[in-house]
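Please look at the model below with the helices in view. The text that follows goes through a few of its elements in turn.

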Amino acid sequence: MIIRKRLAAGTCVLFAALTMGLTPVGASAADNPDGQPTAAPKVELVLDVSGSMRARDIDGGSRMAAAKQAFNEVLDATPKEVELGIRTLGANYRGEDRKVGCKDTAQLYPVGPLDRTEAKTAVATLSPTGWTPIGPALLKAADDLNGGDGSRRIVLISDGEDTCQPLDPCEVARDIAAKGINLTIDTLGLVPDAKTRDQLSCIAEATGGTYTSVRHTDELTDRVGQLVDRAADPVVNPVAVEGTKECTGAPEIKPGLYADRETFGEHRFYRVAVAPGQELRASVSVAADRAVNKDYGVLLRAVTEHGREIVRGSEAGDGRTDVISTGLRYPKPEQNDDEADEAAAETVCLQVSNSYSAPASVKTTPGLPVELTVDVVDAPSAASDVAALGLGRGWWLLGALVLTGFAAGVLWGWISRWRVAVWRTN
């Protein structure tokens, strides 16, 4: 089973592009303004080497043997541009001291250019040993991948729940995501039970990653290989920004893709400059990365600095753990010839609000992940081209339909009267 989190970057840009005609930006404006090559993508494979990995229930062999075979094949196929590392959890401590066992995580192979022979030799030494400190391992893996602006991905392979509570791996994953370091965690469960599946799914969803249930060696090999290859694909990393509670003092943002965090029921402001003859296009996605109550919504408003609403977009949901998106467009007309030669750009305040609430058992910190896409383009020649009571160019079609309907009605009435007259005569 694969659970895919439709992370806001793709959802936000796609939503804007399809429903509002927004061309994906961000890579040119916010991510790589100077056209310089981006940093190498980084991946760290985090492998559970706890005692339960001895179980012989994957194609007649042990879970550990399946993991080793998968790692060897993936190492052979890793793209040259990917910097790869390997971290273990539960690989070294065999004792019963929980405090010591919950610190048992180590980097088996450092993240960097891959020496396939050396990495395979390191993997061959592994033997199922101890505890399952997933939370501590994720924290260390995030540190291993820290630095640079390329894509970063953790691939966690485990066959059981974390045994080091109260450090909840789901909360660890949310904290990692809240740091805005553009790190995705994908999880794979080896012959998982329901509790393991729920925990690994929660970890993946918190960072926009995927969860996969694995019961065969070839499934594990294929999925890990796909995730490593995915790290080499071009991505647009959002720029971290922190909105304010009022328009005054809000951060000024330019066209691009931005990431923020918003608490339950909060609203945040951002400022965008729109010159005469330009059109502001914006969309926002808010992800419910944990259980939420039913009936919620997301609102995106463009308002003046004095609080007058210009235009809005909204969307509602009914309780699914998912991403919800909305967007808006605001064309600013050209100045007349008799007005100032260089009219000042208007500052438009974008307000992002949500009406999420959480059950009492769910922590509300860190806030929900927000991704905001902003673009400023040349406006159409007339505002009516964009929106006229919500119809835009559809007025032409509406008028044609009205006239056609009227003409058809008159014609049908005349034919009906003629037929009645003929019938009476006969």
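How many residues does helix α8 have, and how far does it reach from its first C-alpha to its last? Helix α8 covers residues 194-206, which is 13 residues, and reaches 18 Å, close to the 18 Å expected at 1.5 Å a residue. Helices (H or I, at least four residues) and strands (E, at least two) are DSSP runs, numbered from the N terminus, and the expected span of a helix is 1.5 Å times one less than its number of residues. The model is predicted: local features need pLDDT of at least 70 and side-chain atom pairs pLDDT 80 or more, while totals for chains, interfaces and linings use all residues. Residues are numbered from 1 along each chain as its sequence is written, and side-chain values use heavy atoms, with hydrogens and water left out.

At the start of α8, a side-chain oxygen of Asp193 comes to within 3.4 Å of the backbone nitrogen of Lys195. Just after the helix, Gly208 has a positive phi of about 80°. Between these ends, the buried residues are Thr196, Gln199, Leu200, Ser201, Cys202, Ile203, Ala204 and Ala206. Buried means under 20% relative accessible area, exposed over 50%, and partly exposed in between (1.4 Å probe, protein chains only).

Thr196 of α8 counts as buried because its relative accessibility is 2%. Not counting residues up to four places away in sequence, Thr196 touches Asp159, Gly160 and Glu161, where contact means heavy atoms within 4.5 Å. A polar atom of the Thr196 side chain lies 3.5 Å from the backbone nitrogen of Glu161.

Helix α7 (residues 169-178) packs against this helix: the axes of α7 and α8 come within 8 Å and cross at roughly 10°. Axes are lines fitted to C-alpha atoms, for helices over the stretch in contact, and angles run from 0 to 180 degrees between N-to-C directions. The crossing angle therefore makes α7 roughly parallel to α8, a term for angles under 35 degrees. Pro169, Cys170, Ala173, Arg174 and Ala177 of α7 meet Gln199, Cys202, Ile203 and Ala206 of α8.

Helix α9 (residues 217-231) has 15 residues that should span 21 Å at 1.5 Å a residue, and its end C-alpha atoms are 22 Å apart, which agrees. Its buried residues include Leu220, Val224, Leu227 and Ala231.

Further along, Asp322 sits in the loop between β13 (309-317) and β14 (323-331). Asp322 counts as buried, at 13% relative accessibility. Its C-alpha is separated by 7.4 Å from that of Asp289, 33 residues apart along the chain.

Methods: A polar contact is a pair of N or O atoms within 3.5 Å; within protein, one must be able to donate a hydrogen and the other to accept it, and residues adjacent in sequence count only if both atoms are side-chain atoms. Angles under 35 degrees count as roughly parallel, over 145 as roughly antiparallel, 65 to 115 as roughly perpendicular and the rest as oblique.
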